[in-house]
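Here are my notes on the model you sent over. Have it open in your viewer while you read.

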Amino acid sequence: MTGDEQGGDSGGFAVPDAPSRPGEKSHFEPWTYTPEDLSQPDPKTCTAEDTADHSEGLIRVLDDDGVASGEWNPNLSADELSLGLEQMCRLRIFDDRMMKMQRTGKLSFYMRSLGEEAIAISQTMALQNHDWLFPTYRQPGCQFVRGRSMVSMINHCIGNVEDNVKGRQMPVHYTYKDGHYISVSSPVGTQFSQAVGVAMASAYKGEDQATITWIGDGASAEGDYHYAVNFASVFKPPVILCVVNNQWAISTHKNFASGGENFATRALPYGIPSLRVDGNDFLALYSVTQWARKRAAAGLGATHIEILTYRTGAHSSSDDASRYRPADEHEYWPGGDPIERLKNHLILNGDWSEEQHSELEQRLDEEVVAAYKEAVTHGDLANGPWPPASTIFTEVYEEVPWHIQEQREELGK
Amino acid sequence: MTEMNMIQSLNSALDNLLESDPNVLIFGEDVGYFGGVFRVTDGLQEKHGSKRVFDTPLAEGGIAAIAFGMGLNGLRPVMEIQFADYIFPAYDQIVNEMAKLRHRSGGEFSTPVTIRTPAGGGIKGGHHHSQSPESQFTHTPGIKVVYCSNPYNAKGLLISAIECNDPVVFFEPKRCYRGPFYGDPHNVPTWKGHEYSEVPEEHYSIPLGEANLTMEGDKCTVIAWGAMVHVAEQGIKDSGISCDLIDLQSLVPWDRDAVVNSVKKTGRCVIVHEAPKTSGFGAEMSASVQERCFYHLESPIERVTGWDTPFPHSTEWDYLPSPQRIAEAIKRTQED
């Protein structure tokens, strides 16, 4: 450890460091949290104070052996669980293939959800279909749950003529209005405070509609995070504010995002009930999201959730995480792997088998390959066809103003 | 028609739209119970309720963010930034978010936010209650930029801004809220009796993108916006030279035909704004006039602007373009 964590009298200020750097042994404090630790308060009467333990501790349903228990167990059917497992596997296999495409020059850029698949899949499954999703680039999995075609997603990542955002945004910056999935933008954190406004509008219109949004531990240092929590505290709209603490923001360890150890408790002084959940536990994620949704539906305002997880992959295809953290650090994460944990749970229940799992993976890989093959019939990165150049000039405004029309004519396309 | 000052006409515009469109919401710092530090939203909360007109936390970035979210979810938010000097915490939300949403989402989403903000000097506001940051928004594709100058165009333009489906930054020259400003701090007229203080009570609109030719002449074209329209009027009178005075009103998009036709007629051009000179919107005007009217120009284009310095407190009359500076510039354009 090279950081100088002493401030004040020892001279200068404190500069934190990550727990381990390349060449050092990975280390995380072992978890002592169990599914029996925490009661489930009544979402309709619960105050912020009532969640003090839930924000300090960790809500889990699956233990390390794959057994589900405790008051937070959502008691989902085997069908629901196997659908959740399938969607998580779909996302991982999709990511694997797309990353290979990026490595072979068929995509300009890519970002995986590796290790965090449970978040988008489980939380979206726990919500109503008309609830708004306001994601970062690490929750594309929501779209599978909402029924978006994989071909359409790949068309966007290639930026071909069928890309619904017309080749204007980098890969993984999806827009899917039919699925109430609001468009991703690159500036981190902006969506968090915007989501509060989306939820205020739903409440103003008297609709039973919640908005869920996510932000990373790194981006929670942005003003937008603090605006969101404060405005949500004041206006009490039906919003679910999730901080995905995956330990890393590119190379910036979460120790730089906050001087405290805990992100969940930050919203308690704002009077917002706050939970901390095992982000690799599909069942616990489902349960806390459902609980927050009940509070939203009852007009009780926001819920703040820290999702404790680990970013297993690099930040993006442009990043090499082994330059700043031990390459095997993810193997030491106390929360394990979300897919393995749900799979083991289903097998333990007698609802799944290794053979079924292999078949599923095979089927999903074929599905992804077929989708990619279909997508490139609409254009690939090297040869197009891409959206026409005229799309540079359209939808800047509702109507093309004269000065942009002149510039389009100057380009001559 | 009713005689109104600019505060009353802006209030009337907001009142009309709160009445006619349930999706219009008004919010910002001190705009609710109190009715705004300049009184523009006075009485609106009492009349339309605190769900329609309300105060917010003092966080411009948060105000802009919730406006963005409301706009994409079907509402028509009208947010106030209390002074344009305080818009910068919201700059990311305006420039990277509002301005790009329609384009970045392939047209699936848009957010029709109107950002009202008092701007400009002349009230002894020093560095941070006097700036006129229009060019920091005209350089951003995806937002429209409007600058009203009198009670009549304030109401008509604000209604158009709110009804526009694109985000609009709407600058209000605070020096002109209660009367036109002719550049002489010792002469403080009200709007009473001014031709543009006759304002319909009912809904009307002035299209965005259209300028207003407020004086007609044939020797020089003077282009101005905001409070400087009135200072330019005085400067033209003092010069004794026959000029077109174009109140630009909309900066993005601006009225190409009004400007080009006038300069082709007069062959001379003076551009006036109170913001600093370097990279001010006057630079865009000057370049555009040169590109479009070069062979009609009889003399170099002049710019009369604020200085490239922070806005001062007690010496602000030496900072703001004066009728004298404008008259001198007009005279220079007449030299051979």
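How many of the 10 residues of helix α3 (residues 117-126) of chain A are buried? Bear in mind that this is a predicted model.

1. On that helix: 10 of the 10 residues of α3(A) are buried, leaving the helix mostly covered. The buried set includes Glu117(A), along with Ser122(A), Gln123(A) and Thr124(A). Ile119(A), Ile121(A) and Met125(A) are also among the buried residues.

2. Next, the contact between the chains. Chain A puts in 36 residues and chain B 35. On the chain A side, α6 (190-204), α7 (223-235) and α11 (402-411) each supply at least two residues.

3. Now chain B by itself. Chain B splits into domain 1 (2-199) and domain 2 (212-334), and the C-alpha centres of the two domains lie 25 Å apart. Where they touch, domain 1 of chain B gives 31 residues and domain 2 of chain B gives 28.

4. Looking at the domain 1 side of that contact in chain B, the elements giving two or more residues are α6 (135-138), β6 (144-147), α7 (151-163) and β7 (168-173) of chain B. Of these, β6(B) gives the most, with 4 residues. By class, the domain 1 side that touches domain 2 of chain B has 14 nonpolar, 13 polar and 4 charged residues.

Definitions and conventions. Residues are numbered from 1 along each chain as its sequence is written. Chains are lettered from A and ligands numbered from 1 in the order in which they are written. This is a predicted model: local features need pLDDT of at least 70, side-chain atom pairs count only at pLDDT 80 or more; totals for chains, interfaces and linings use all residues. A residue is buried if 20 or more other C-beta atoms lie within 10 Å of its own, exposed if 12 or fewer, and partly exposed in between; C-beta atoms are placed from the backbone. Two residues are in contact if their C-beta atoms, placed from the backbone, lie within 7 Å. Domain bounds come from an automatic or database domain assignment. Ala, Val, Leu, Ile, Met, Phe, Trp, Tyr, Cys and Pro count as nonpolar, Asp, Glu, Lys and Arg as charged, and the others, Gly among them, as polar.
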